[in-house]
Amino acid sequence: MATLADIGLAAAINILSAFAFLLAFAVLRLQPINDRVYFPKWYLKGVRSSPIHSGTFVRKFVNLDLRSYLRFLGWMPAALKMPEPELIEHAGLDSSVYLRIYLIGLKIFVPITILAFAVLVPVNWTNTTLENSKVEYSDIDKLSISNIPNRSQRFWAHLVMAYVFSFWTCYVLFKEYEIIASMRLHFLASEKRRPDQFTVLVQNVPPDPDESVSELVEHFFLVNHRDHYLTHQTGFLGLCGDKVDAIEFYTSEVERLSKKAATEREKVKKDPKSVMPAAFVSFRTRWGAAVCAQTQQTRNPTLWLTKWAPEPRDVYWQNLAMPFVSLTVRRLIIAVAFFFLTFFFMIPIAFVQSLANIEGIEKAVPFLKPIIEVHIIKSFIQGFLPGIALKIFLIFLPTILMLMSKFEGFISLSALERRSASKYYLFLLVNVFLGSIVAGTAFQQLHTFMHQSANEIPKTIGVSIPMKATFFISYIMVDGWAGIAGEILRLKPLIVFHLKNFFLVKTEKDREEAMDPGSIEFGSSEPQIQLYFLLGLVYAVVTPFLLPFIIIFFGLAYAVFRHQIINVYNQEYESGAAFWPDVHGRIITALIISQLLLLGLLSTKEAAQSTPFLIALPILTIWFHRFCKSRYEPAFVKYPLQEAMMKDTLERAKEPNLDLKAYLVNAYVHPVFKDGDEDDSFSVDEEVVYDNVLVPTKRQSRRNTPAHSRYNGSSSPSLSDAIQEL
């Protein structure tokens, strides 16, 4: 069992590691040769030029200004200086709201920590329960609820603090949801014109032997959205042409490849099997797009599915054509696969737990006992090794979960990130949190939960929580201190950039492509933040000693990621903080889990008088979540028609001659066809005269609209059929 000395050694190791990373970063970022590694965002914006192009030969590579090294922590105030509105303009709303997650952590846990150390720590410490018992304990346990005797009246302090901490957390979440919902609406209202504001993604376009997908889409929307439909694209339309490289040596080769690529494009265009049963349909107004995106289009709810189109950078093209039934089957397969992945990952988690158990190691390898019992080695094993081992086991997990999300068929990068984040959070909750608390092998853990009633599970987990505080403190220091400091060093991008720069870079364009600024990996980073919320809320009442370690994480991470967002990361897309409802929901989940586990723990302490009063707390928290969900979540999933009309009206007043079709016509061209010279998209502005046509279209097979196809089953009965039925 780890002692304060073990934790102190682990803290020293991680503090020194973090300081070494920060010091190395402070020196490396000042060198002109590394400028593109540590400030790539400014190069991409075109407002920073390379310092290696000026000065003497040595100064092109090494910073000789000794005074600049004295301000090695100057990046911190610089990162905190940029106001939030300017940050949104610079990096987008997604990045700004992501940073607010760290701020919320500070807002929640700083007051909780002060109150917990002022009230609960003295209440726990001034008992002699553990001293008089025969169980093994550490000094940290004396600061926890474990030091309170059964049936003690002191449990009322923990009960009251549980209510105070929960109410404070809900208050902070309520204010943040209100602020971020307002920020999102303001961002959408003030944002510059974007193609996705006018565009709807249409999926499950039914097949029709008489018409192409393009003709079918055009006809459907001219009939059902005749006043607002503008144009559409089927994912492969665009311009084709020659590419010219700056280096003359490669010109002939590029021309040959370009001709071959153009030939392949033509083959794809003429192959009906290459056309996806999906389309990006653009409208004349945001209002028209909002109506289409937020309504059911036909009697059959599985056909002509419409949703807001992601912005062009956000589209994941490979999944656009997946049919509705296929999506259901794929998600069922992934659900089963995820269950087995989570279950079998308990094996390495159990191994990590064994590292924290000196007695278990000595029993398994008795010949190592003399070495293990050396004080500094014992402290290293118990205080540092479990945390680093767990982090190593989790390295490849985000990649696996992202592949699983792609298989499920989500059509945007932002949706893939959010789906992966949900899986990762569930995995961390089950394996890292619950799996670390309930000791034993994977099958023993499963046996424990399967052979007891649901009412006993909180008791089983609750009674184990205080004993695992030192393990989680070790993990927080490794991942949340040294790990975050390592993020700012960017060691891998630094090495890769210089290797590319030395062996591959021939032009400035090559050098720009070698920078690799990266981006916020929401699918892996946000669930890890949520683990800290979970640990903080669970241990706030049980073992408050853990809270300062979490506060250091949130403070350091906020400064580091603010610097990275301002100077390094180049986000692949902008979703307008669409992920916030998930963030809010996961913090609420952590809060409810902490309440249930405290309820289970107190029930084992025979606190019969105080425990029943905790039952109301999760009920109130669930009610609060439902209130926030109904009040603020619509701002993240729907676009108010009033806002759309206001923005359309303002735009018409400012730009009465705007050619919106020219702006939208190639917005959603598949990247493969970006270099084309041919525009196959259908125009609705050309003058085409048809006789006896209710809605003029270019349909070749049936000109009497709206006569429906007997094959696709997607249209309403024709006008003549309806009259005959009457």
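1. Arg 193 counts as partly exposed in this predicted model, because its relative accessibility is 23% and the buried class ends under 20%. The residue is found in the loop between α10 and β1 (199–203). Its C-alpha atom is separated by 9.2 Å from that of Glu 651, although the two residues are 458 residues apart along the chain.

2. The second largest pocket deserves a point of its own. About 1400 Å³ of space lies in it. The lining comprises 45 residues, and those nearest the centre of the pocket are Lys 307, Trp 308, Arg 418, Ala 578 and Phe 636. By class, the lining residues divide into 20 nonpolar, 10 polar and 15 charged.

3. As to where this pocket sits, domain 1 (4–189 + 458–637) and domain 2 (195–310 + 644–726) both contribute residues to the lining, so the second largest pocket lies between them. At least two lining residues come from each of α10 (155–190), β5 (305–308), α14 (324–344), α21 (413–437), α29 (580–604) and α31 (634–637). Which of these elements gives the most to the lining? It is α21, with seven residues.

4. Lys 307, one of the residues nearest the centre of the second largest pocket, belongs to strand β5. With a relative accessible area of 38%, Lys 307 is partly exposed, because that value falls between the buried limit of 20% and the exposed limit of 50%. The C-alpha atoms of Lys 307 and Lys 638 are separated by 9.9 Å, and these residues are 331 residues apart along the chain.

5. Trp 304 is placed in the loop between α13 (286–293) and β5. Its phi is near 50°, a positive value in a residue other than glycine. Is Trp 304 buried or exposed? At 2% relative accessibility, Trp 304 counts as buried. Val 315 is found in the loop between β5 and α14, and with a relative accessible area of 6% it is buried as well. Val 315 and Ser 412 are 97 residues apart in sequence, yet 4.5 Å apart in space, C-alpha to C-alpha.

6. Arg 151 has a positive phi of about 60° although it is not a glycine. This arginine lies in the loop between α9 (139–142) and α10. At 57% relative accessibility, Arg 151 counts as exposed, whereas Trp 304 counts as buried at 2%.

7. Helix α29 supplies at least two residues of the lining of the second largest pocket. The helix has 25 residues and reaches 37 Å from its first C-alpha to its last, close to the 36 Å expected at 1.5 Å a residue. How many of the 25 residues of α29 are buried? The number is 19, and the helix is accordingly described as mostly covered.

8. Ile 622 is placed in helix α30 (residues 616–632). At 41% relative accessibility, this isoleucine counts as partly exposed.

9. The last point concerns the nonpolar interior. In soluble globular proteins, nonpolar side chains tend to be buried together. Here the largest nonpolar core has 140 residues, and Tyr 98, Leu 394 and Phe 433 have the most contacts inside it. The largest share of this core, 15 residues, comes from α10. Domain 1 (4–189 + 458–637) and domain 3 (330–408) both give residues to this core, so it lies between them. Helix α10 also supplies at least two residues of the lining of the second largest pocket.

Definitions and conventions:
Residues numbered from 1 in each chain as written. Predicted model: local features only at pLDDT ≥ 70, side-chain atom pairs only at ≥ 80, totals over all residues. Heavy atoms only, no water. 1 Å grid on protein atoms, 1.4 Å probe; cavity = no way out; pocket = protein on both sides within 12 Å on 5 of 7 lines; lining within 4 Å. Points joined across faces, edges and corners; volume = space filled by probe spheres on them. Helix = DSSP H or I, 4+ residues; strand = E, 2+ residues; numbered from the N terminus. Nonpolar A, V, L, I, M, F, W, Y, C, P; charged D, E, K, R; others polar. Domains from an automatic or database assignment. Expected span 1.5 Å × (residues − 1). Buried < 20%, exposed > 50% of the residue type's maximum accessible area, 1.4 Å probe, protein only. Core = buried A, V, L, I, M, F, W, Y, C linked by side-chain atoms within 4.5 Å.
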